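This briefing is meant for a reader meeting the structure for the first time. Please keep the sequence and the model in view while reading the points below.

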Amino acid sequence: MTPDLMEQGAQRRADYEARQQASRNTESGGRDASYGRIARLGVPDFTQGVALYLDDITVSFDGFRALNKLSLTVNVGELRCIIGPNGAGKTTMMDCITGKTRPDSGTASFGSTIDLLRLSEPQIAQVGIGRKFQKPTVYEDLSVFENLELALAADRRVRASLFSRLSGEQLDRIGETLGTIHLMADAQRTAGLLSHGQKQWLEIGMLLVQDPKLLLLDEPVAGMTDEETERTAELFLSLEGKHSLVVVEHDMKFVDQLTEGRKKVTVLHEGSVLAEGLLAEVQNNEKVVEVYLGR
């Protein structure tokens, strides 16, 4: 690694720390001046087999109900696809899960012990929920490896030792992640030179390196080539069982690849669950055809 690149990496880490501190102050009014409280949040209990439980979640914006008594359950290790027309409430649902939006009413639990509505955004990330937005946000002037290193630094359990030197365990975690996201051969490549699909994989890797228990993925294959889309499906299927995944997507071919004809799909409409079942079942549901798939 060149001195210039090391200096850039150090600056990026400093910038990251500053944003994290600002986020903590904004979200909690300064109450979470350190991650000490977050470390004491406890570990989610998944012994009941449920990773995410939403019940009667309602969110209103200026009189408009973005979510209307939404109830949803995602099991541990499940890969769940969420589909629906624009304005159905998909993004608002993820905002509620991650603490960006506070519902007017309802409950949201991570496992059987973590009340998500009592936590801030940084706390929710710390207990094991990672979110991938549609547009990739990676540090384009750093290498693929350095992006993963920086993401690992966000895990306060390893931050102190990470900034001195990487341990063998941390190197193994990054190496395993590089293999998972198909970027092992590009580890030292500048992220800005990656294709759109590779940047998406890198950002997913930046979540995976922190070992989240639940991944929220918003239209992850938008703008990808057919080959990249197929490889992304393979990636998500390889994560199934190791993590719980909620994938919001409009690409029905991709949804078909993910569900393999045997996984449950949830259709949202006007802030509520319109239908739920196997993809073939929801595709033949008259209400779903009318409001989303078209005749």
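This is a predicted model: local features need pLDDT of at least 70, side-chain atom pairs count only at pLDDT 80 or more; totals for chains, interfaces and linings use all residues.

**The hairpin**
- S4 and S5 form a hairpin with three residues between them, and within the turn Gly-111 has a positive phi of about 65 degrees.

**The sheet**
- Four strands make up an open sheet with antiparallel pairing, and their order across it is S2-S1-S4-S5.
- Its edge strands, each of which pairs on one side only, are strand S2 (64–75) and strand S5 (114–115).
- Helix H3 (residues 90–97) packs on the sheet and touches S1 and S2, its direction making about 115 degrees with that of S1.
- Strand S1 (residues 50–61) is paired with strand S4 (residues 105–110) in the antiparallel sense, over five bridges.
- Ser-109 in S4 is the bridge partner of Tyr-53, while Ser-105 in S4 stands opposite Thr-58.

**The chain**
- The chain has 12 helices and 10 strands, and 49% of its 295 residues count as buried.
- Among the contacts in the chain with a separation of 6 or more, 67% are accounted for by residues 24 or more positions apart.
- The chain exposes about 13,800 Å², and carbon and sulfur atoms supply 47% of that area.

Conventions: Residues are numbered from 1 along each chain as its sequence is written. Side-chain values use heavy atoms; hydrogens and water are left out. Two strands pair if DSSP finds at least two bridges between them. Helices (H or I, at least four residues) and strands (E, at least two) are DSSP runs, numbered from the N terminus. Contact means heavy atoms within 4.5 Å. Axes are lines fitted to C-alpha atoms, for helices over the stretch in contact, and angles run from 0 to 180 degrees between N-to-C directions. Buried means under 20% relative accessible area, exposed over 50%, partly exposed in between (1.4 Å probe, protein chains only). Accessible areas come from the Shrake-Rupley method with a 1.4 Å probe; for residues, only the protein chains shown count as cover.
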